Each structure stands twice: as structure tokens, then as C-alpha cells.
Amino acid sequence: MSTRSRKKVFFFSILFGILVLMNFWMDRELHPHYPLQYSEVFNPKVNANAIIMGASHTAHGINPKHLEEDHLKIYNFSMDGAGPSFNLKWYKRIFQLHYPKPICVIYGVHWLMFDERVFHRKVEQDSKYFPYDYLLSEFSRLEAFKILLLNRLAFIRERKQLVERLLGRTRQVVVPSKYYNGFIPYGRRGGLDRERDITPKNSEAEIRAFEQLLDEFERSKIEVILVQVPGYLPSRSGSNIEESMKLINEIAEKRRILFLDYDTKRITNINTDRSMFSNWVHLNEKGSDAFSKLLKSDLELLLRRGSAEDRGLSVPRRLSNEKKSPVG
Amino acid sequence: MLFNSVSFLIFFPTVTILYFLIPHKYRWSFLLMASCVFYMAFIPIYILVLALTIVIDYTAALFIEKAEGKKRKGFLIVSVVSTCSVLFVFKYFNFFNSNLLRVAQFFHWNYPIEALSLILPIGLSFHTFQSLSYVIEVYRGNFKAEKHFGIYALYVMFYPQLVAGPIERPQNLLPQFYEKHIYDDQRAMGGLKLMLWGFFKKVVIADKLAIVVNQVYSDPTQYAGLPLIAGALFFGIQVYCDFSGYSDIAIGAAQVMGFRLRDNFNRPFHAPSSAEFWRRWHMSLISWFRDYVYIPLGGNRIGEWRWYFNIFFTFTLSGLWHGAGWGYVLWGSLCGCHLIFSDLTKTFREKCNRWIRLDRIPTFHKGFQIVFTFLLFCFTLIIFRSNTLSDALYVMTHLGTGLGSLKGLKASATSLYNAGLDRYQLIIALISIGLMEWVEGRESIQNMREMFPNRNIIFRWGMYYTVILFLIFFGEYNDQAFIYFQF
């Protein structure tokens, strides 16, 4: 082997070594609930008859433990940054193929949910959690397979977070010991003093995806309940979320879906209690416990007694008349 | 096919390996075929448009060579008019038509001609100019007409420079297709390193800055102050990194196979004056205009005011070359005006420099000139990038809005963070720009082809690893097209 060739081999060996080390370092799991959620969906053990879907506010905000009863098993499949298009793809291409059909879906809506800049999670980014047989089944879709394969490499998948990782900004933010059926509470605290003035940029594609997802549930005869988890009101300006809220309310009304809105309609002590929040939009362990209990009691009241209007909640006639209670 | 696509990642090594494996006499046909595949990856049918200009100019050049006197000129005119007509139909017809329509509406005339719904063939302006330079050179007797149709077609279609230059001259490129290229490891590695540098500029810098630029210019009225300043400065850097990155990849790809394409950029952001800037920016196009427009008009060997007109006319035409719109025309004329203004005020400025004793600190003086030239360029680009002239006017008049108070500055900074890149991404972009300027400021244009051949191994390898790791970790991979493809 010539000197030039030896140099090249040496150069690429060092590069390979750097990438292997980076991959090892970046592969550390920062979200211990994701592998468990994917393990459940690909190899069901809980076999939940009601599931929770949504994004981080739901993943860290609704504890299934407080909603469950003897005959009812609930699993929280919500994931951080999961918008309607993610959930649609996840539901159709993963959940429907591997999990028993639930009788009810609690979907965690949010006034930011149609904003692609915020809810930008992609199914392909989770390929790390996919079993090999599923990965190979995607081989027919070459483009999807390429993305899935590339996302198995941590240094590619997590590359956007490199700076945050180097600066230690991605330290453990959840409380793994409190994990229960996909739910994991947030541990960090902060950012409650600053007022946020975020105007959602609603994407047509996300709105369409949400409608399609609801169509899917309807086709499968799965009952849907929309829930908006409480946010910390003193940190937020409310005027710019009206359009999004109107949109969600219209969808719920048009489809006669029960919509429990704890962020703009049913305001409770939780919304103003700093000790309940991890940050301006996420509940902490205490807050999620309090809210999950409140949600359960409301659902019981609503669905068993049909007294929704008295409590400021919008309930479609179909559910309140039938008094069918998928939860509780 | 985009250079920054997975298809090219397969296409390039395959073509290069096969090129060296097949016998020399078949190489031209193989390269021509590969170039067709490369071009047809965009809109396949448009290869016929390209074929038309190739046939016209190939035939015209043969006739020009044989003919004498007025006939010779006649064939040149036929060739230039036919080639330019293709460009006119696809690129300029709707622009002129809409303006005529406006005039007709103003005078309440009946104007029946409708707009054409044609998509501009990619890189049409580039290969049109390359074809024109061939027939003009043959007409001038500087180059003999190419007899081999396939080789001539390859001259126009050679894939590394087909869609965005460098705009080659027949004297430089055509003879290279007859040369027998043997694989040279050192040359190939130099080419690959240059490609790597081009990818760094395109994927790490240009495409990252594009996020902010696109966001700001999509609706500039939403912003004021810092985001607009960032949008204007970032677009200047984005255009440079995008286009010079493309040129580096093109030159590098050709170099791997043994071809030497001409340089297109020579560190323009280090130019201390507008005149120097335009000698370093898009050199293949600027020299084209110099040789085929500016000098035939009389160049600078005429009266002062006629010379100023020549500068103004050439730059206005170059603006029109970039795009069929008044914004581009205005941008070109503004660049011409800068040159004229800087010449008119040269003596006065020199006196001022002596008066404030700036000439006694030449380093500071030169630094000031470089920064001023860069800022002036970015300022004129506002017209180039804005969707409408009113948008451009808004950006230009609101660059300093809100920067007078601390509160306004803070609000301005917050809206900058909301313009697409978070704080970390913004820092990475700035570090990458700094790295690029540092490297290009220290290396000559020749050394860039080899990427630091005279430096020690630790420096060189350190740079290579940095560039590769930046590409992997901070690159934007969204198949974003090169800006100059649209021209």
C-alpha cells in the first residue's frame, strides 16, 4: 500500500471513529417513555381499550392511572411535538396494523396544534424504536426506507440537537420513576415569569390531517373525546389564539365530538397555580395528577349525568343523550 | 439533478468511475449521454430546446467559417438572433408582453396577445451565453469551428457546468474534450476537496441563511429593524455561498475527471471597491459582458460620458440577464450607477481621506472600504430579492426602525429569533460564515483548488474534519435548489 493510500485509510479511520463515538454519545435516551410506548404499540401488553393521543402537553399532562378502572385500561401514546399529520401517519401506518382497536381515543388538542413550526415531529425520526421486520416492510417505499434507515443513526437523527447537547441543555427533564402506561411527568421548572405572545400559524395541511384522523376514527367506530390540557394563564396573551380555538370548536361541533377545554373555557385553580406547572404550557407531576383527577370526575359527570352545559363544557347531544361512558 | 441530492451522490461516482474505465474514443459519447441524463432529471422534454440551440449554433459556426464578407456577418446575425429568440420566448416574452399590455391599457388600445404559460428551462441563460460565445469567437476568427457535432454538443452540455456555469469559452473547454485524461490521484483528491468546500458553503451556510431570508422576504412588512438587516446581509452571503458553492462543486467535479473549468469567484467580499468587486464576482459572466458587450460598445477608450453610458448599459443588461423583471433591471442599473458614482467621486474621496488622515492607517482604511463595499452590495440586493418593488422600498426604509431604544432593540432581536433560526442555529451560521471568510481570506484562488496544499498535515486534516463534521451535523438537507438555476 502506498503512503497516499495509507494516509487515506488513516484519515477515514479517524473520521469513522469520531462518528462512532458521536453516535454512541448522542444515542443516550433522553425520553425514556418513547421506547416503552413503541414497544407497547408493536408488542401490546397492556392492550388498552382507550388510548390518549396528542403532543407533549398530553404526554406529560394526562396520567392514565387516574382515569383507569377495573374494566378499563388506558395507554397514553402522546409524544412530544406530535402534530395531527404525525398522529395520522402513526395511527394508520403503525397503530392500526399492530394494536387492538380501542373503543375510545382521548385526543389532546391545543391551540398551537396546527402550527408546523411547533409540532414538527416526523414518524421517520422514530425509526430507532421500530423492530427490524417493520423496517423491512417499508422497503417497498424506497424514500421512506431511506429516511427510516438514516434515522436509526443517532448522529443523523439527533444532529439538530448537537449544540444543546454540548451545552448540557438536554439534561433529563422527566421523572422516570413516575412513568405509567406511556405517561411520564415533567420534572423541570422555569419560564413562568415571562409572558409569551405566540401567534399560531395554522397550516392547511395540519388541519386536513386532523380531519382525516377524525374520519379514520369515525370509520373504525372509535369514540373520540377532545381535551385541551390547562396551560399557565398568567404567562400567556390570549387574544392571538382565538382563531385556532374557533377552528377546533367548529370541528368538534361539526362532528358532534365531546370537547373538554380546560385552557380557554373551563378555567380552574390549576390554570393560575404556579406549583402545578413545569413551564408555561406543560403541567408538572403535581399538576398532571390534579388535572387527571379533574378530567376523570368531569368525564364521569358529563357522561353519566349529562350536565355538561352547567359546567361550561361543550358536549354534543349524541354523547350526552346516549350516556355511553367509555371512560370511568 | 441537484448537486445536493442523493441522486447526484450516486450519479457522480458512477459517471467518474465509468469515464476512466472506458476507452478514450468513447468517452465523449459517454459524457454526452451522462450530461443528457443529468439535464433530463429536471424537465426531460426541454432537452429538445437545448438540442435546437446546439444545432443552430453548430451549423451557423460552420457556415460562418466558410463564408466571407457580409455573408459571414449575416450568418452570425442569424445565429445570434435564433439563439436569443429561444431565450426571449422562454424568459422575456411574458415580461415584455405584460409591459406592452399595460401601455395598451393606459391608452385604451386593444391588445390581443396573451401571456405564454411556459416554464423556464433550467440554466437556459447560461448555455445560451456559452453557445453565443462560441459563434462569436468563430466569427472573430479566434477559434476554428468544431467539426465534430458530438464534441460541440458536449461543449454546451458538459454536465458540471450545464445549468449554472461557469460560462465557458470554446478556447478553454473544447480542446479538453480531445485530451486523454488519465486518473491522477492528487488532482482527483483536489477536486473532491473543492467539491466538499462547495457543499459546505451551499448546505451549511447558504441553505441555513435561506431559512431567515425566505421568512423575512415572504412578508417583510411583518418585520422592522434587526430581522430586515439580517435578511439583507444574510441574502448577500447566501447568494455568494449558494452560487460560489455551486461553482466549486462544478469545478471540482470536472477536475476529478481531468477537466479544468475557469474560476468564477475570487473572494469578492474581500474587494475594497465596487469596481474590484465586479472583477471578482461571477467572473465568467462579467467577462462575457466585458468581451461581447462592453468592449464592442467602445469600452473605456472613448469619451468620459460615453464610457459611463457603456458601464450603465452593460450592467443594466446584466440585470436583465438575471431575470425578466423591473427589479432585476433596476438592480443592474443601480450596480452600474455605483461604479459611475465611485469614479466621479474618486478624487473627492481621496482628498477627504487625506484630510481625515485615513490614508495614514491603510489597514483600517482598507477594512473600512471592504465593509462598505459589502454593505453596498447587500443593500442593492434588497431590490434583487424582494418580491415587489414596494417590498424592496419597505425593507430599505425600515432597516433602522426600532433600533433607537433598548426596548425596541430587544423586540427586534426577539422577532429575529422568530424568523426561522433559533439562537443556536444562528450562532452556528455565524461561526460557519466566519470559518469560510477566514479560510478564503488566507488562501489564494489557486490554493483553494487543492485546499491548503502548503499547510501542515494537522492544519489540513483539522480543516477537513471540521468541514465534514459541519456538513453532517449542521447541514440543511432539504433538496433546496441553487438560486442561479432560475436564470
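Trainee: How far apart do the C-alpha centres of domain 1 and domain 2 of chain B lie?
Mentor: They lie 26 Å apart. Keep in mind that this is a predicted model.
Trainee: Which residues belong to which domain of chain B?
Mentor: The domain assignment gives 6–182 as domain 1, and 187–346 + 372–486 as domain 2.
Trainee: And how many residues does each domain put into the contact?
Mentor: Domain 1 of chain B puts in 25 residues and domain 2 of chain B puts in 24.
Trainee: Which elements of domain 1 give two or more residues to that side?
Mentor: Helix 1 (6–21), helix 4 (69–106) and helix 5 of chain B. By class, the side of domain 1 of chain B that touches domain 2 has 13 nonpolar, 10 polar and two charged residues.
Trainee: Helix 5 of chain B, then. What does it reach from its first C-alpha to its last?
Mentor: Helix 5 of chain B covers residues 124–140, 17 residues in total, and reaches 24 Å, close to the 24 Å expected at 1.5 Å a residue. Just after helix 5, B:Gly141 has a positive phi of about 80°.
Trainee: Is helix 5 of chain B largely enclosed or open?
Mentor: Largely enclosed by the rest of the structure, because 16 of its 17 residues are buried.
Trainee: What does B:Val135 touch, leaving aside its neighbours within four places in sequence?
Mentor: B:Val135 is in contact with B:Asp57, B:Ala60, B:Ala61, B:Ile64, B:Leu76, B:Ser79 and B:Val80.
Trainee: Which residues touch the most other members of the largest nonpolar core?
Mentor: B:Val135 again, along with B:Ile64, B:Tyr155, B:Met157, B:Ile205 and B:Leu209, out of 117 residues in that core. Helix 9 of chain B (residues 226–257) gives the most to this core, with 20 residues.
Trainee: Why does the core lie between the two domains of chain B?
Mentor: Because domain 1 and domain 2 of chain B both give residues to it. In soluble globular proteins, nonpolar side chains tend to be buried together.
Trainee: Back to helix 9 of chain B: is it mostly covered or exposed?
Mentor: Mostly covered, with 31 of its 32 residues buried. The length of helix 9 of chain B works out too: at 1.5 Å a residue its 32 residues should span 46 Å, and the end C-alpha atoms are 45 Å apart, so the two agree. After helix 9 of chain B comes B:Gly258, whose phi is positive, near 105°.
Trainee: Zooming out, how many helices and strands does chain B have?
Mentor: Chain B has 20 helices and zero strands. Its C-alpha trace spans about 70 × 70 × 50 Å along the principal axes.
Trainee: What radius of gyration does chain B have, against a compact globule?
Mentor: Chain B has 24 Å; a compact globule with 487 residues would be near 23 Å, so that agrees. Buried residues make up 40% of chain B. Among chain B contacts between residues at least 6 apart in sequence, 74% join residues at least 24 apart.
Trainee: New topic: how many residues of chain A are in contact with chain B?
Mentor: Eight residues of chain A, in contact with eight of chain B. On the chain A side, helix 1 (3–26) and helix 8 (162–166) each supply at least two residues. That side of chain A has five nonpolar, no polar and three charged residues.

Technical notes
Residues are numbered from 1 along each chain as its sequence is written. Chains are lettered from A and ligands numbered from 1 in the order in which they are written. Two residues are in contact if their C-beta atoms, placed from the backbone, lie within 7 Å. Helices (H or I, at least four residues) and strands (E, at least two) are DSSP runs, numbered from the N terminus. Ala, Val, Leu, Ile, Met, Phe, Trp, Tyr, Cys and Pro count as nonpolar, Asp, Glu, Lys and Arg as charged, and the others, Gly among them, as polar. The expected span of a helix is 1.5 Å times one less than its number of residues. A residue is buried if 20 or more other C-beta atoms lie within 10 Å of its own, exposed if 12 or fewer, and partly exposed in between; C-beta atoms are placed from the backbone. A nonpolar core is a set of buried Ala, Val, Leu, Ile, Met, Phe, Trp, Tyr and Cys residues joined through C-beta atoms within 7 Å. Domain bounds come from an automatic or database domain assignment. The radius of gyration is taken over C-alpha atoms; the globule rule is 2.2 Å times the number of residues to the power 0.38.
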